[in-house]
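Here's a quick tour of a protein model, put together for someone new to reading structures. Keep the 3D view open and click along as you go.

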Amino acid sequence: MKTVSGPLHDVKEHVINLILNGELSPGDVLPAERELATLLGVSRPLVREALRSLEAVNIVESKRGAGTYVTDLSPEFLLAPLSYAFRLVRGSEIDLFELRRFLEPQAAAMAAMHLPDDDLGELDQLLDALDASDQHTFPELDIAFHEWIVRRTNNRLLLSVVRGIRDLEYQVLAVTANSAESRLLSAVEHRTIASAIRARDPERARAAMLLHLARVEDQFRPV
């Protein structure tokens, strides 16, 4: 595998390491272009290009006349470019469900193993809201339910990937939400998954999630 290297990469890595090491925090102003150029032995135009690259992926933000700042580094903000990338790949609905089947059954199992005793209030609220949802409210509530499960894995990389495909999921759910029967089946399946997680039964949670995703996926397979 070819290693990315060169002065431009070095400048970007320097800024990233300042953040990772705690020398720069969200909202902090970066050293001036001239200072970075002198420190790293590169030209100011190259520093400017590196900062633009970091701004394109929402790590820093340039404010006219005030310098360049670290963004709030919120997952939603950082993952916005990833969401566009997934959409531009033009994968099919089946591709999306295959990806979800790789990830979410294991996430449900991990949630069952790691669930704290006092962490069920939000789950109950989501289930009740899903039961009462219509074609307009169902997609976002469904996404929130599945994300609730992934958050319980305590795996930030997994959560980042799941959030990165959220826009694609919404497009699929906007289709399935038009069917009252599909919404009803999903409500039953969601409660089955939740029951297994609540019982701290990882194998049952994994199986319930897999069956749920497979059933929804079948709606997009050609007859």
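Aspartate 131 is partly exposed, with a relative accessible area of 41% (buried means under 20% relative accessible area, exposed over 50%, and partly exposed in between, using a 1.4 Å probe and protein chains only). Its salt-bridge partner is arginine 191, and the closest N and O atoms of the pair are 2.6 Å apart (a salt bridge is a side-chain nitrogen of Lys or Arg within 4 Å of a carboxyl oxygen of Asp or Glu).

Bear in mind that this is a predicted model: local features need pLDDT of at least 70, side-chain atom pairs count only at pLDDT 80 or more, and totals for chains, interfaces and linings use all residues. Residues are numbered from 1 along each chain as its sequence is written, and side-chain values use heavy atoms, with hydrogens and water left out.

**Salt bridges**

- Side chains of opposite charge can pair when their charged atoms come close.
- The structure holds 17 salt bridges.
- Back to that opening pair: arginine 191 sits in helix α10 (residues 180-198) and aspartate 131 in helix α6 (residues 121-131), so they tie together parts that are 60 residues apart in sequence (helices are DSSP runs of H or I with at least four residues, strands are runs of E with at least two, and both are numbered from the N terminus).
- Arginine 191 counts as partly exposed, at 34% relative accessibility.
- Are glutamate 104 and arginine 100 buried or exposed? Glutamate 104 is buried at 3%, and arginine 100 is buried too, at 4%.
- Those two side chains meet in a salt bridge (2.5 Å, N to O), and both belong to helix α5 (residues 93-114), four residues apart, or about one turn of the helix.
- Arginine 166 forms a salt bridge with glutamate 147, with 2.9 Å between the closest N and O atoms. This pair links distant parts of the chain, 19 residues apart: arginine 166 is in helix α9 (residues 166-176) and glutamate 147 in helix α7 (residues 138-151).
- Arginine 166 is partly exposed at 24%, whereas glutamate 147 is buried at 9%.
- Shared partners join Glu122, Glu147, Arg151, Arg152, Arg163 and Arg166 into one salt-bridge network.

**Helix α1**

- Val11, Val15, Leu18 and Ile19 are the buried residues of α1. Looking down the axis, you'd find them within an arc of 105°, so they line one face of the helix (the arc is that of the directions from the helix axis to the C-beta atoms).
- Those buried residues pack against α2 (33-40), α3 (44-56), β1 (60-63) and β2 (67-70).
- Just after α1 comes glycine 22, with a positive phi of about 85°.

**A buried isoleucine**

- Isoleucine 193 is found in helix α10 and is buried, with a relative accessible area of 0%.
- Setting aside neighbours within four places in sequence, isoleucine 193 is in contact with Phe145, Ile149, Ala208, Met209 and His212 (contact means heavy atoms within 4.5 Å).
- Alanine 207 is 14 residues from isoleucine 193 along the chain, and their C-alpha atoms are separated by 8.5 Å.

- Most residues other than glycine have a negative phi.
- Asparagine 154 isn't a glycine, yet its phi is positive, near 60°. You'll find asparagine 154 in the loop between α7 and α8 (156-164), where it counts as exposed at 62% relative accessibility.
- Arginine 200 isn't a glycine either, and has a positive phi of about 55°. Arginine 200 lies in the loop between α10 and α11 and is partly exposed at 36%.

**A glycine in α6**

- Glycine 121 has its place in helix α6 and is partly exposed, at 42% relative accessibility.
- Valine 89 is 32 residues from glycine 121 in sequence, and the two are 37 Å apart in space, C-alpha to C-alpha.
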